[in-house]
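Thanks for making time this morning. I would like to walk you through one model, starting with its overall division and ending with its ligand, so please bring it up on your screens.

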Amino acid sequence: MNTGKVTLVGAGPGDPELLTLKALKAIQAATVLLVDDLVNPEIVAFAPPHARIVRVGKRGGCHSTPQAFIEKLMVMAAREGENVVRLKGGDPFIFGRGGEEAEHLRAAGIAVEVVNGITAGLAAVTSLGVPLTHREHAQGVVFLTGHARSGACPPEWQGLAAAAREAHLTLVIYMGMSGAAHIQQQLLAGLPAHTPAAIVQRASLPDQRHAVTTLGELAATIAREGLASPAVIVVGDVIRGVALAAEAVTAARAA
Ligand code: SAH
C-alpha cells in the first residue's frame with residue numbers, strides 16, 4: 001500500500017514573506033491541506049490548484065472542528081497515500097497542539113515531518129524594533145500560554161514573576177487577552193508595576209496594531225485601545241527599547 005505522510009508546517013505569524021523556503025516547498029507539494037484559521041489565505045494560495053483544502057479552524061474557543069476529527073482526517077488521508085500538509089500558525093510546536101498531533105500520527109504509524117515557522121511572539125517583538133533578549137535587559141525568554149487546558153494547572157504566575165525579576169527574563173504570553181486582568185494582578189505579586197509591557201495584535205500583518213504600556217496599566221490599556229486576540233502580551237525590560245527605536249526612526253526620517 002502506498003502510505004502517504006503528514007508534514008506539520010509552520011505558516012509563521014501572517015506575512016507570507018516570513019515563510020521558510022522549506023514550508024513553501026511543502027505547501028507546493030501537498031495534495032491535501034488542513035488549515036488553521038489563523039493562517040493567512042495568501043499562504044494557502046501557494047497550494048497547487050488540484051490540492052484539497054480543508055479549513056479546520058476553531059476560533060476563540062468555539063470548537064468548530066474537534067481536535068480528534070482533525071487527527072482522524074490526517075490519518076485517513078495519509079493512509080490513502082496523500083501528501084498531507086497540516087498548516088498551523090506560527091511554529092507548529094509552540095502551543096497550538098502540534099505536539100499532540102505528531103504523537104497521534106506516530107502512534108498510528110504515519111510518517112511525520114515538522115517544518116518550523118516563525119512564532120508569533122518572536123515576530124511581534126521584532127516588529128517593534130527590539131529583541132526578546134538583550135544583554136543589558138534580559139538573559140532569557142519564557143513563552144507562556146495564558147489559557148491552560150481545562151483541568152490542567154494554570155501557569156504559576158506569581159512564581160514566574162519572581163523568576164522573571166531575579167533572572168531578568170522576558171515573558172511572552174500567548175492566548176492571554178481574555179485573562180489579561182488576572183495575569184496582570186498575579187504578575188504584580190513579583191514584578192513592579194512600572195515593568196514595561198507591550199501588546200501586539202496581528203503581528204506582521206498589514207493591520208497590525210500595538211500598544212506600549214506598563215504591567216500596572218496592562219488591562220486598562222487593552223480596554224482603552226480596544227486590542228483583541230490574536231495578540232501577544234510581552235512583559236519585561238526589553239520593551240523599554242521600543243520608545244528609543246521609534247525615536248531613532250523619527251530622527252532618521254527628519255534628517
Ligand atoms: N503556534 C502559534 C501559536 C498558536 S496559539 C505560534 O507559534 O505563533 C494562538 C495564539 O498565538 C493567539 O492567541 C495569539 O496569542 C498568538 N498569535 C498567533 N498569531 C498572532 C499574530 N499574528 N500576532 C499576535 N499574536 C498571534
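Predicted model: local features only at pLDDT ≥ 70, side-chain atom pairs only at ≥ 80, totals over all residues.

Let me turn to the interface. Contact between the domains involves 10 residues of domain 1 and 11 residues of domain 2, and together domain 1 and domain 2 bury about 760 Å², with 74% of that area on carbon and sulfur atoms. On the side of domain 1, Pro13, Ile94 and Phe95 supply 59% of the area buried against domain 2, more than any other three residues. As for polar interactions across this interface, the rule finds 0 salt bridges, while 2 residue pairs are in polar contact. By class, the side of domain 1 that touches domain 2 has 5 nonpolar, 3 polar and 2 charged residues.

Now to the ligand. Where do the residues of its shell come from? At least three are drawn from each of domain 1 and domain 2. There are 17 residues around the ligand, of which Asp91, Ile94, Thr119, Ala203 and Ala231 come nearest, and by class the shell has 11 nonpolar, 4 polar and 2 charged residues.

A polar backbone atom of Met175 is 2.9 Å from an oxygen atom of the ligand, and for Ala231 the distance from a polar backbone atom to a ligand oxygen atom is 2.7 Å. Of the 550 Å² of accessible area that the ligand has on its own, the protein covers 91%.

Technical notes. Residues numbered from 1 in each chain as written. Heavy atoms only, no water. Contact = heavy atoms within 4.5 Å. Buried area = accessible area lost by both parts, 1.4 Å probe. Salt bridge = Lys/Arg side-chain N within 4 Å of Asp/Glu carboxyl O. Polar contact = N/O pair within 3.5 Å; in protein donor to acceptor, adjacent residues only side chain to side chain. Nonpolar A, V, L, I, M, F, W, Y, C, P; charged D, E, K, R; others polar. Near = heavy atom within 4 Å. Areas by Shrake-Rupley, 256 points an atom, 1.4 Å probe, with all protein chains shown as cover. Domains from an automatic or database assignment.
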